[in-house]
Amino acid sequence: MGKIHPENISSPSSSSHSPSSSPYVTSIRETFTIWMKSLVFHGNGCTVFNSKGELVFRVDNYQERCSSEVFLMDLNGQVLFSIKKEKLRVFGRWNGYLCGGFKGRPWFQVRKNCTFSRGNVICNVNLGYEKSIESCYKIQKLDRKSSFKVTNSAGEVVAELKQKQSTRGFAYGDDVLTLEVEPHVDQSLIVALVTVCGLISRKL
């Protein structure tokens, strides 16, 4: 397989970051490469690089594949989101907590869509455990395999995931993806949602 990122991996530059409480919100569209592999030997997870080839996020699952608990970390291993599956009778739901641990109110909640009349909607997302329409996102499946988009309450696309292609037009393997995140959207939250989708599809 061709090289999916440059050889030199360094800490991400903050020059393009807009003034925000989150270092993962920028004023421009950001493109990431997601490799559905862990950097840890015999581990499960994924690794996320920015457009400069810098390691930005990683998910390392030291247990079995499709564990009920995973952690999204930055390049230094600091936990950004703790993600836990809550088992229900039919469909599960995934709660995302800020930083480490699973105490308190989840920052986001993902419910797999069980209403087939909603077409290509895979999951519904609520932020802050609220039920208001304004706090909702939808994860919608696209035509291609492993491709989906995230839309906000207004129906606007805030992120899109698809199989990565080289500059010559040929596709990499199914485990190499491109993630585009629109400006002023928390990239760490979007990667956390991608992680949940990986758990649902049993790829993590």
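Buried means under 20% relative accessible area, exposed means over 50%, and partly exposed lies in between (1.4 Å probe, protein chains only). This is a predicted model, in which local features need pLDDT of at least 70, side-chain atom pairs count only at pLDDT 80 or more, and totals for chains, interfaces and linings use all residues. Residues are numbered from 1 along each chain as its sequence is written, and side-chain values use heavy atoms, with hydrogens and water left out.

## The barrel

Helices (H or I, at least four residues) and strands (E, at least two) are DSSP runs, numbered from the N terminus. Two strands pair if DSSP finds at least two bridges between them. Strands of a sheet pair through backbone hydrogen bonds, either parallel or antiparallel.

Here 12 strands close into a barrel, in the order β1-β2-β3-β4-β5-β6-β7-β8-β9-β10-β11-β12, with antiparallel pairing. From one strand to the next, the twist averages 20°. Axes are lines fitted to C-alpha atoms, for helices over the stretch in contact, and angles run from 0 to 180 degrees between N-to-C directions.

Contact means heavy atoms within 4.5 Å.

β2 and β3 pair antiparallel over six bridges. Gly45 faces Asp60 of β3. The two strands form a hairpin with five residues between them. In that turn, Gly53 has a positive phi of about 85°.

Seven of the seven residues of β3 are buried, so this strand is largely enclosed by the rest of the structure. β3 also runs antiparallel to β4, joined by three bridges. There, Phe57 stands opposite Asp74 in β4.

β4 pairs with β5 as well, in the antiparallel sense over five bridges. Val70 has Ile83 of β5 as its bridge partner.

## Salt bridges

A salt bridge is a side-chain nitrogen of Lys or Arg within 4 Å of a carboxyl oxygen of Asp or Glu. The structure holds two.

In one, the side chains of Glu182 and Arg29 meet at 3.2 Å, N to O. This pair links distant parts of the chain, 153 residues apart. Glu182 sits in the loop between β12 (176-181) and α1 (187-200), while Arg29 belongs to the segment before β1 (30-35).

The other joins Lys84 and Glu69 at 4.0 Å, N to O. Lys84 lies in strand β5 (residues 79-86) and Glu69 in strand β4 (residues 69-74), so the pair ties together parts that are 15 residues apart in sequence.

| Residue | Relative accessibility | Class |
|---|---|---|
| Glu182 | 22% | partly exposed |
| Arg29 | 48% | partly exposed |
| Lys84 | 25% | partly exposed |
| Glu69 | 27% | partly exposed |

## Tyr97

Tyr97 is found in strand β6. Is Tyr97 buried or exposed? It is buried, with a relative accessible area of 7%.

Not counting residues up to four places away in sequence, Tyr97 touches Leu80, Phe81, Ser82, Glu86, Phe102, Lys103, Gly104, Arg105, Pro106 and Trp107. Leu80 is 17 residues from Tyr97 along the chain, and their C-alpha atoms are separated by 8.4 Å.
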